[in-house]
Amino acid sequence: MPDLSFFPAFPLPYSALVVFGLLLIAGYAAGELFFRMLRLPRITGYLLAGIALGENGFALLKGDLFRMADLFLNIALGMIIFQLGQRFSLRWLRRNRWIVATSLLESGCAFAAVYFALTWLGIAEPPALIAAAIAMSSSPLIAPVVARDLHAEGQVTERALCLVVLNSVLAFLAVAFMLSFLHSDGVIEKIYFRPLYILLGSVLVGLGLGFVAAFLGWLLMPREGGSVILLVSLTVIGIGAVDSLRLSALITLLVFGVMTKNYARGFRLATFDTGTFGRLLVVVLFVVSGALLPLQWQPQWAIAVLAFVVARLAAKTVAVTALAHPSGMSLKKGGLLGMMLVPLSITEFTLVRETAQSHPEIGADLGSIVFPAIVLMELIGPVITQWALRWAHEAYEPVREAA
Amino acid sequence: MNERRIAPALDFRHSAKLSIGIELELQILSAHDFNLVRGAPDLLELMRRVRHPGELKPEMTEGMIELNSSIHESYRALLGELRTTRDLLAKQAGRLNLAVSGGGTHAFHQWAEQRIFDAPRFRFLSDLYGYLAKQFTVFGQHIHIGCPSGDEAVHLVHGLARYMPHFIALSASSPFSQGVDTAFQSARLNAVSAFPLGGHMPDVPDWEHFNRYFAQMYEYGIVDSMKDFYWDMRPKPEYGTVEIRVCDTPLRVERAAQLAAYAQTLAFHLLHIAKEPPPQDVYLLYNYNRFQACRFGLGGNFIDARTQEHRVLKDDILATLTMLHEATAETGNEEPMWLVREAVQTGQSDADWLRARYRESGFLPDVMERQSELWMGQT
């Protein structure tokens with residue numbers, strides 16, 4: 001009898017790599033199925049695949065795999081935020097100040113509407129304040145990804161990408177501010193110190209990354225995709241640094257994006273098309289997001305969740321529509337732009353988790369209201385976004401093949 | 001065999017002699033990456049809110065709009081109107097994060113990525129012309145000159161044929177196409193040349209013969225209306241004008257107005273001063289002279305049909321400007337003709353300007369940015 005000990009023992013040990021590859025295929029397949037057969041956004045397919053494979057489904061996505069996926073997730077998040085930064089134009093805001101006004105009004109209205117709705121329902125002040133601050137924000141991931149998938153171009157697309165940047169930053173600062181406020185005991189310095197640290201620190205790191213990119217661009221003169229390698233590296237460094245410094249990755253990468261667009265030669269258009277690599281990252285991002293979605297919810301909070309969703313949606317849509325005309329667009333497009341601001345996603349989870357870590361007593365109630373709302377808005381958000389872009393005639397509708 | 005089609009008679013509408021008007025096809029760019037962007041619907045929607053002279057129209061693709069001037073007697077009035085509309089367009093585009101630009105081509109837009117929309121007209125053209133329909137994303141200036149009658153229009157078209165290379169060289173602003181330097185001064189016309197009904201008007205002596213030619217083409221089922229002829233210069237009976245269509249959209253409206261004045265002065269000369277009929281061989285040399293002007297611009301070789309003489313196109317334009325002194329005085333076009341002379345003498349064409357910008361930065365989006373700033377008067 002020959003020695004057969006070189007054969008592996010059965011059952012085979014769990015391989016994170018094999019499962020990860022399978023996850024990507026499943027996500028991609030679901031995305032294409034949704035897009036081609038149902039005319040629904042690809043990312044909805046990725047999310048549902050993630051849910052099916054995550055802890056609420058077949059529980060394939062776990063342990064080692066999460067740590068591995070986490071790296072990709074951060075790169076994907078970083079790249080999308082960075083690209084938003086590249087598109088973000090201060091010059092445009094100077095030429096059309098009504099856009100800034102729209103941003104302030106829609107975030108302000110969302111804050112007020114959610115705060116009053118929740119306190120009216122008898123929710124305690126602290127969680128209501130934080131929930132209202134989170135309600136200001138819109139997912140900075142869904143609008144750009146869906147718009148790119150549909151090759152959308154026009155004012156609804158362009159402004160949505162601008163407004164999600166502004167309101168995400170505002171929401172982030174508002175949450176930081178509210179948390180300081182709740183713990184300040186009335187001491188003014190305490191209120192401002194942490195938000196100020198986050199803002200200035202993040203801007204400085206973003207500027208630093210921008211200078212390094214400019215220097216590397218000058219030194220290495222990257223060509224043919226070389227700049228993408230450098231940008232991915234710098235983005236990962238940025239995310240790591242921000243994590244250690246307890247700053248905001250969002251603000252840092254936005255500033256980094258703005259810097260490279262305006263000051264780093266050779267990088268200006270570097271990530272406009274990250275191509276296949278970018279698409280791969282998007283698949284990972286949303287499959288993993290789907291797997292992470294906390295699907296459990298408590299029926300006794302249903303009214304509060306509904307109030308959060310409806311108040312926020314109404315406030316944003318009405319505010320954006322109200323300023324549509326002076327900001328230079330039709331009422332119809334204004335309304336559709338409002339709808340583009342409805343989605344929420346993984347970035348808002350981070351805000352809740354952060355609150356829960358530092359303030360467990362607020363975290364429980366807050367999570368009960370906001371988590372189900374985010375899940376809902378992450379699932380239907382892409383569909384609403386796609387619908388808004390199609391109705392605005394900004395999505396590209398190709399010539400149908402002649403029968 | 002189908003029933004015989006009966007051609008409608010073409011009525012040449014009377015219009016004020018030597019009045020001028022222009023159409024400019026303009027590029028709509030994203031102020032983000034300076035590629036063509038489907039911004040026309042948003043921009044036109046915003047322009048409808050402000051009072052402006054002339055007319056703005058949507059075009060085949062949403063990355064393009066057409067600016068139509070009103071009808072003018074003088075260069076000065078035309079220029080004033082163009083500047084007003086230009087300033088309004090630039091301001092409104094800025095509010096939408098868009099840029100508007102002149103130039104005959106977009107430097108790096110890829111025609112393969114040109115998206116054809118599912119509208120009936122697009123589908124028809126796309127089905128008929130295949131890739132030509134996509135490649136036709138080019139931007140030209142059309143100049144209209146008022147004519148009182150069809151006979152005069154036909155006469156004027158023949159007379160202007162000799163000067164066609166002048167208009168190409170003076171407006172050439174499309175050296176780049178599909179991301180490469182084409183070596184042409186006007187690469188745009190190469191896209192136009194591929195269409196079957198392009199080229200020049202047939203050698204008909206008068207309006208009656210022209211009508212007969214049109215009726216024949218109509219009865220063969222080749223054309224349905226005058227719109228189907230893509231000639232470099234053609235009578236436009238429904239406007240009562242002669243239309244010159246060889247010009248690239250210049251980088252600035254000032255040059256566009258100068259070209260209109262040049263056409264007006266030439267037309268005055270051809271209708272009032274020049275006695276002899278147009279030379280016989282002008283159409284024999286037509287394609288050669290046209291190619292030279294597209295490829296080399298002001299430096300191209302030009303063969304004069306009357307004298308069989310070869311000369312540099314630049315010299316022929318300077319000689320023409322001198323010959324036109326009487327017509328210039330009669331039409332009051334001293335200033336624009338002097339500006340044209342200055343541009344020709346310094347040898348600086350729009351195409352050269354664009355190449356110089358490319359040498360500075362090596363990056364075509366930068367070139368498009370500078371090009372749009374120049375058109376919008378922001379430099």
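In this predicted model, B:Arg290 is buried, with a relative accessibility of 10%. The side chain of B:Arg290 meets that of B:Asp232 in a salt bridge, with an N to O distance of 2.7 Å.

B:Arg212 counts as partly exposed, with 44% relative accessibility. Helix α8 of chain B spans residues 207–219 and also holds B:Glu219. B:Glu219 is partly exposed as well, at 29% relative accessibility. Between B:Glu219 and B:Pro250 there are 31 residues of sequence separation and a C-alpha to C-alpha distance of 38 Å.

In chain A, a salt bridge joins the side chains of A:Glu106 and A:Lys316, at 2.6 Å from N to O. Here too distant parts of the chain are linked, since A:Glu106 is in helix α5 (residues 97–120) of chain A and A:Lys316 is in helix α13 (residues 302–322) of chain A, 210 residues apart. A:Glu106 is buried at 0% relative accessibility, and A:Lys316 is buried with a relative accessible area of 0%. Chain A also contains a network of salt bridges that links A:Glu32, A:Arg36, A:Arg42, A:Asp149 and A:Arg279. Over all chains, the count comes to 30 salt bridges.

The discussion now turns to the interface. Contacts between the two chains involve 35 residues of chain A and 26 residues of chain B. The size of an interface is often expressed as the accessible area lost when the parts come together. For chain A and chain B the buried area is about 2700 Å², and carbon and sulfur atoms give 43% of it. Three salt bridges are found across this interface. In one salt bridge, the side chains of B:Arg38 and A:Glu153 meet at 3.8 Å, N to O. Between chain A and chain B, 13 residue pairs are in polar contact, both residues having pLDDT 80 or more. On the side of chain A that touches chain B, the elements giving two or more residues are α3 (64–87), α4 (90–95) and α8 (155–182) of chain A. By class, that side of chain A comprises twelve nonpolar, ten polar and 13 charged residues.

The cysteines remain to be considered. A disulfide is a covalent bond between the sulfur atoms of two cysteines. How many disulfides does a search of the whole structure find over all chains? The search finds zero. For B:Cys147, the closest cysteine sulfur is that of B:Cys247, and the separation of 17 Å is too far for a bond. B:Cys147 is buried, its relative accessible area being 0%. B:Cys294 is also in no disulfide, with the nearest cysteine sulfur, again that of B:Cys247, 11 Å away. B:Cys294 is buried at a relative accessible area of 3%.

Terms used
Residues numbered from 1 in each chain as written. Chains lettered and ligands numbered in written order. Predicted model: local features only at pLDDT ≥ 70, side-chain atom pairs only at ≥ 80, totals over all residues. Heavy atoms only, no water. Contact = heavy atoms within 4.5 Å. Buried area = accessible area lost by both parts, 1.4 Å probe. Salt bridge = Lys/Arg side-chain N within 4 Å of Asp/Glu carboxyl O. Polar contact = N/O pair within 3.5 Å; in protein donor to acceptor, adjacent residues only side chain to side chain. Helix = DSSP H or I, 4+ residues; strand = E, 2+ residues; numbered from the N terminus. Nonpolar A, V, L, I, M, F, W, Y, C, P; charged D, E, K, R; others polar. Disulfide = S-S within 2.5 Å. Buried < 20%, exposed > 50% of the residue type's maximum accessible area, 1.4 Å probe, protein only.
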